[in-house]
Structures are given as structure tokens and as C-alpha cells.
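Here are some notes to read alongside the model.

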Amino acid sequence: MINVATRAANLPQYLKATSQVVASGLRPVAAGLPPLGKDVVVAGGVSPVSSCTLNAQLPQHVVSVKSGPAVTTQVRFSHTDLQVPDFSPYRRDSVQKPNRKNDSAEDRKAFTYLVVGSSLVGSTYAAKALVTQFVSSMSASADVLALAKIEIKLSDIPEGKSATFKWRGKPLFIRHRTSDEIATEQSVAPSSLRDPQADAERVQRPEWLVVIGVCTHLGCVPIANAGDFGGYYCPCHGSHYDASGRIRKGPAPLNLEVPFYTFPDDGTLVVG
């Protein structure tokens, strides 16, 4: 490989030329120069070759040509007068020098706050996702939720009778009270009861009593329409409840529990 370099001295450096050896039959993009003393054809006629003529037609910078035997040569030019923008006036003093380090706490404060804040935000979202997943795993499944409510047709329960249903694994007592039973229970003074509670506080409609059939003493199941007060009687330890489900006699400390229920219409009762 032969390297030839030609430089025009004391001329502005606006063009830069590089060459590449191309093993093809293409013509060179720059013609070879004739020796000094011979005539060349220029615009306007024939002119003898001189150093001024060559300087006017040659590139104004270093031209490097790489060539080889029996190959053609390409010469390419590119601009070198593009200036790189300088953003130094917009930079902080602490970053003007690439080898400078922040020695004071004030210089590192912003970075420290950024790292700590990002860590806290990430940790908060991770903790929230973990707690949500844990709580969701403890919630009831779809089949359990389907049994959480029970719908009862009230026309199937005659007046003066009590029906028993299974709800959430517990016995559910629904009593269709007569007008005499309603008047009797409403006349009882709450102050005379062990667990003071008026009849109006335990029913939404006076003719319908809805209670959970679990004795508040030891969890036994009372018998409906029995006992000294005509309500419910627990034969295990002798607890007597009236027709409002209130404890009137025996060891039970509390009244029978009243669950949440609604009346969607006049003939339907929904518990749960």
C-alpha cells in the first residue's frame, strides 16, 4: 500500500479528504494531476500548469490518498467547520470539571433525597401489593358467599307456627306470631329482663320474629313453642325464652341473636 499526502500550507482548513481502495472498474472521482510545465484544459481555454493554478483547483487541506497496483482510487471530502455547541454557561460549577468530586453534604443532598424517596415509594407499593394479596386470600370463596344469604317464602309459615332453616351452618328460627303473642311481648317491661331489650327493638314487623336458634349459654339448640313463656326452651340446662327470643329464666345470660334481614316484598324474607 502506498500513502501520499499533499498539504496546502497557510490555507484555511475547511475540507478534509480521505481515500478508500475500491477493487472495481469505477472511474476515480478526482482526476490525476498532470506534471508541471504542461498545458491543461480549464474553463475558457488552454492554460499552462503552474503552482498557482494547481493551488486554485486543489483542496484547501490535507489530502491523503491510499492506492494499490491495478486498482482505482476514490477521494471523498467532508466538512470540518461544524462547531460543537458549548453548554458550559448552563452547567453547575460542581460539574464543570470531570475529575471533581462532591465533598460536602450539601452537594450530595439532592441525590440522597432522590434515592431515599424512590426507595420509599417502591417499598410502599410492594407492601400494599403484599397486604392486598394476603387479605384477598383470607376472603370467602364464591361458593361460601353464595350461601351467605337465604331467601324464605313467608306464605309457607302459618300464623302461630315457627319454622327452622339452616343458614351459615346454624339453625334459623322464623316465627309467625299471633296478635295475642305480639300484645303479650310488647307489654313486658324491659327493666324486668336480664338482658333488657324491648320487643320493638328485636323485630321489623311485629308478626315476624327472626332469631338464630343457638342458646346463649353453651350453644345448644332450643325447642320452639315450648318453655314457661311459650317461646323457646333449651332442655340442656333449662333456659326459657319468650316469644320475642328474650331470656326469661335459666342460666343463659343473653337473648337469642337477631341476624340482619330484609323484606324485599310482602311475601319474601331475605336473611344475610
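**Notes on the predicted model**

1. Let's start with the whole chain. Residues are numbered from 1 along each chain as its sequence is written, and side-chain values use heavy atoms, with hydrogens and water left out.

2. The protein chain has 4 helices and 16 strands; helices (H or I, at least four residues) and strands (E, at least two) are DSSP runs, numbered from the N terminus. Of its 272 residues, 25% are buried, where buried means under 20% relative accessible area, exposed over 50%, and partly exposed in between (1.4 Å probe, protein chains only). Among contacts (heavy atoms within 4.5 Å) with a separation of 6 or more, 56% are between residues 24 or more positions apart.

3. Next, the aromatic rings. Rings of Phe, Tyr and Trp (its six-membered ring) pair if their centres lie within 6.5 Å; planes under 30 degrees apart count as stacked, over 60 as edge-to-face and the rest as tilted. By this rule there are 2 aromatic pairs. Phe173 and Tyr232 are stacked, because their ring centres are 5.1 Å apart and their planes are at 10°. Phe173 belongs to strand β9 (residues 170-176) and Tyr232 to strand β12, so this pair ties together parts 59 residues apart in sequence. Both of these residues, Phe173 and Tyr232, are buried. Tyr261 and Phe263 make an edge-to-face pair, with 5.7 Å from centre to centre and 85° between the planes. Tyr261 and Phe263 are buried as well.

4. Beyond neighbours within four places in sequence, Thr268 touches Glu151, Ile152, Leu154, Thr262 and Phe263.

5. What does His237 contact, leaving aside its neighbours within four places in sequence? The partners are His217, Leu218 and Pro251. His237 lies in the loop between β12 (230-234) and β13 (239-242) and is partly exposed, at 41% relative accessible area. The side chains of His237 and His217 are joined by a polar contact of 3.5 Å. These two histidines, His237 and His217, are 20 residues apart in sequence and 8.3 Å apart in space, C-alpha to C-alpha.

6. Finally, two backbone angles to check. Most residues other than glycine have a negative phi. Arg168, not a glycine, has a positive phi of about 55°; Arg168 is in the loop between β8 (162-167) and β9 and is exposed, with a relative accessible area of 54%. Asn225, also not a glycine, has a positive phi of about 55°. Asn225 is in the loop between β11 (223-224) and β12, and is partly exposed at 40%.

Technical notes: Predicted model: local features only at pLDDT ≥ 70, side-chain atom pairs only at ≥ 80, totals over all residues. Polar contact = N/O pair within 3.5 Å; in protein donor to acceptor, adjacent residues only side chain to side chain.
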